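Me: I am new to this structure and would like to go through it step by step. Could you show it to me, please?

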Amino acid sequence: MQTATGKATRTKAESPATDREKECPGRDNQTIGAATTTASEEISNILFDCERLSMYHAIRRDFWDKLHRLSLFLVVLAGTASFAAISEELDIWWLPLMAPLFGLASVVFDFSGHARIHENLCRRFTIVHGEALTNPDDVKTLQTKIHEIYADEPPTYRALDAWSHNLACKGRGQEKWEVEISPIHLALKNLWPFWFAEYPKKSSIAE
């Protein structure tokens, strides 16, 4: 789901399936198409977006953290005497090159830096979620804060975004709003953005 406020800062190529803008657990579907939404509806939209996007960025953070730890492990492993002995025993000339290659990949792609970016975004969405619960009357301030976070987000991986949408729906006990994600997209959700993919609602497929 992408709220009306979030849509302004996320391009169509980066946003989740457009069908979820019309049918999502954070909205009163009877008001879709109206010029404005009530304060309670907007708070519900903000809460759902914070839940979905905090999970999205937590998953991205864990993905980059795992790559960082794996690269460090491989660098250390490749520098051990046993690793060199195996290389010599098996006559694999390129095996000693693995250590500098792993280290270079970690530096060039900045695995740790990416993890910290998503950790910060996850924390900021969680803070806004808490503020929306404790001070739901200050809609304008909450909208401003969440738009500031939208502006700082890196390009969205839409399959992961759709999966985060499903997780948020499950957390609310509203599985009827879940979307269909192909197994390939689900497997590659952290590796490929799938910017032009569409993820229809599961109930619409059943119909």
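Me: Which residues form a nonpolar patch on the surface?
Reply: The patch consists of Trp-93, Trp-94, Leu-97, Leu-101, Leu-104, Val-107, Val-108 and Phe-109, with about 920 Å² of accessible area together. Areas come from the Shrake-Rupley method with a 1.4 Å probe.

Me: What kind of model is this, and how are residues numbered?
Reply: This is a predicted model, in which local features need pLDDT of at least 70 and side-chain atom pairs count only at pLDDT 80 or more, while totals for chains, interfaces and linings use all residues. Residues are numbered from 1 along each chain as its sequence is written, and side-chain values use heavy atoms, with hydrogens and water left out.

Me: Where is Trp-94 found?
Reply: Trp-94 is in the loop between helix H4 (81-90) and helix H5 (98-109); helices are DSSP runs of H or I with at least four residues, and strands are runs of E with at least two. Trp-94 counts as partly exposed because its relative accessibility is 41% (buried is under 20%, exposed over 50%, partly exposed in between).

Me: Which residues does the "transmembrane region" annotation cover?
Reply: According to the unreviewed UniProt entry, the annotation covers residues 70-86 and 92-111; such annotations may be inferred rather than shown by experiment. The span 92-111 is 65% helix and 0% strand, and its end C-alpha atoms lie 28 Å apart.

Me: Changing topic, how many residues are in the largest nonpolar core?
Reply: That core has 14 residues, where a core is a set of buried Ala, Val, Leu, Ile, Met, Phe, Trp, Tyr and Cys residues joined through side-chain atoms within 4.5 Å. Helix H3 (39-78), helix H6 (111-134) and helix H7 (139-152) each give two or more residues to this core.

Me: What does Phe-125 touch?
Reply: Leaving out residues up to four places away in sequence, Phe-125 touches several residues, including Cys-50, His-57, Ile-146 and Tyr-150 (contact means heavy atoms within 4.5 Å). Apart from this core lies another, of seven residues, with Ile-181 among them.

Me: Is Ile-181 buried or exposed?
Reply: Ile-181 counts as buried because its relative accessibility is 13%. Ile-181 lies in the loop between helix H8 (158-171) and H9. Ile-181 and Ala-197 are 16 residues apart in sequence and 9.6 Å apart in space, C-alpha to C-alpha.

Note on methods:
Buried means under 20% relative accessible area, exposed over 50%, partly exposed in between (1.4 Å probe, protein chains only). Patches are made of residues with over 30% relative accessible area and no salt bridge: like charges are joined within 9 Å, nonpolar side chains (Val, Leu, Ile, Met, Phe, Trp, Tyr) within 5 Å. A salt bridge is a side-chain nitrogen of Lys or Arg within 4 Å of a carboxyl oxygen of Asp or Glu.
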